[in-house]
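Please look through the sequence and the structure shown below. The explanation after them takes up a few features in turn.

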Amino acid sequence: QVQLVESGGGLVQAGGSLRLSCAASGRYAMGWFRQAPGKEREFVAAISRSGGRIGYADSVKGRFTISRDNAKNTLYLQMNSLEPEDTAVYYCAAANYYGGTDSNNYDYWGQGTQVTVSS
């Protein structure tokens, strides 16, 4: 069974940075999604199994960086210049093929980690 465990969330002031990690039980195409209170889950970033293909939501482009360490089966999301609008529970997700922006393409999900950005 695929296991995904996120870590690295927390409380940060606007303009600050956080790095999220997601430890996976295998090597998969991966993605980050987030869900704010009262809102639908939304795509943040995706990366292929090799790391050669990457995509970002327009709202985070230039501020967030997705990366992976395949030797450790670990996915990362470096978040810089954080804004209060980035406050959400962040989820990592895994797929057998590059999943892109559509959450339906991902078969496995982590439990989520809370990110709170204060103004």
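What follows treats a sheet, a cavity and a group of aromatic rings. The model is predicted, and the description should be read with that in mind.

Four strands form an open sheet in the order S1-S3-S8-S7, and their pairing is antiparallel. At the edges lie strand S1, covering 4-7, and strand S7, covering 64-69, each of which pairs on one side only. Direction ignored, neighbouring strands of this sheet are turned by 15° against each other on average. Within the order, strand S3 (residues 18-24) pairs with strand S8 (residues 74-79) in the antiparallel sense, over 6 bridges. Leu18 illustrates this pairing, with Met79 in S8 as its bridge partner.

About 50 Å³ of space lies in the largest cavity. Its lining is made up of Cys22, Ala24, Gly26, Arg27, Met30, Arg68, Asn70, Asn73, Thr74 and Leu75. Sorted by class, this lining has 4 nonpolar, 4 polar and 2 charged residues.

The aromatic rings come next. The model has 5 aromatic pairs. One of them joins Phe33 and Phe43, with 5.7 Å from centre to centre and 70° between the planes, an edge-to-face arrangement. This pair links distant parts of the chain, for Phe33 belongs to strand S4 (residues 29-35) and Phe43 to strand S5 (residues 42-47), 10 residues apart. Phe33 is buried, with a relative accessible area of 1%. Phe43 has a relative accessible area of 12%, and because buried means under 20%, Phe43 is buried as well.

Why does the pair of Phe33 and Tyr106 count as edge-to-face? The ring centres of Phe33 and Tyr106 are 5.2 Å apart and the planes stand at 80°; pairs with planes over 60 degrees apart count as edge-to-face, so this pair does too. Phe33 lies in strand S4, whereas Tyr106 lies in the loop between strand S9 (88-95) and strand S10 (108-109), so the pair ties together parts that are 73 residues apart in sequence. Both Phe33 and Tyr106 are buried. Finally, ring pairs link Phe33, Phe43, Tyr106 and Trp109 into a cluster.

Definitions and conventions
Residues numbered from 1 in each chain as written. Predicted model: local features only at pLDDT ≥ 70, side-chain atom pairs only at ≥ 80, totals over all residues. Heavy atoms only, no water. Pairing = 2+ DSSP bridges. Helix = DSSP H or I, 4+ residues; strand = E, 2+ residues; numbered from the N terminus. Axes fitted to C-alpha atoms, helices over the stretch in contact; angles between N-to-C directions. 1 Å grid on protein atoms, 1.4 Å probe; cavity = no way out; pocket = protein on both sides within 12 Å on 5 of 7 lines; lining within 4 Å. Points joined across faces, edges and corners; volume = space filled by probe spheres on them. Nonpolar A, V, L, I, M, F, W, Y, C, P; charged D, E, K, R; others polar. Phe/Tyr/Trp six-rings, centres within 6.5 Å; stacked < 30°, edge-to-face > 60°. Buried < 20%, exposed > 50% of the residue type's maximum accessible area, 1.4 Å probe, protein only.
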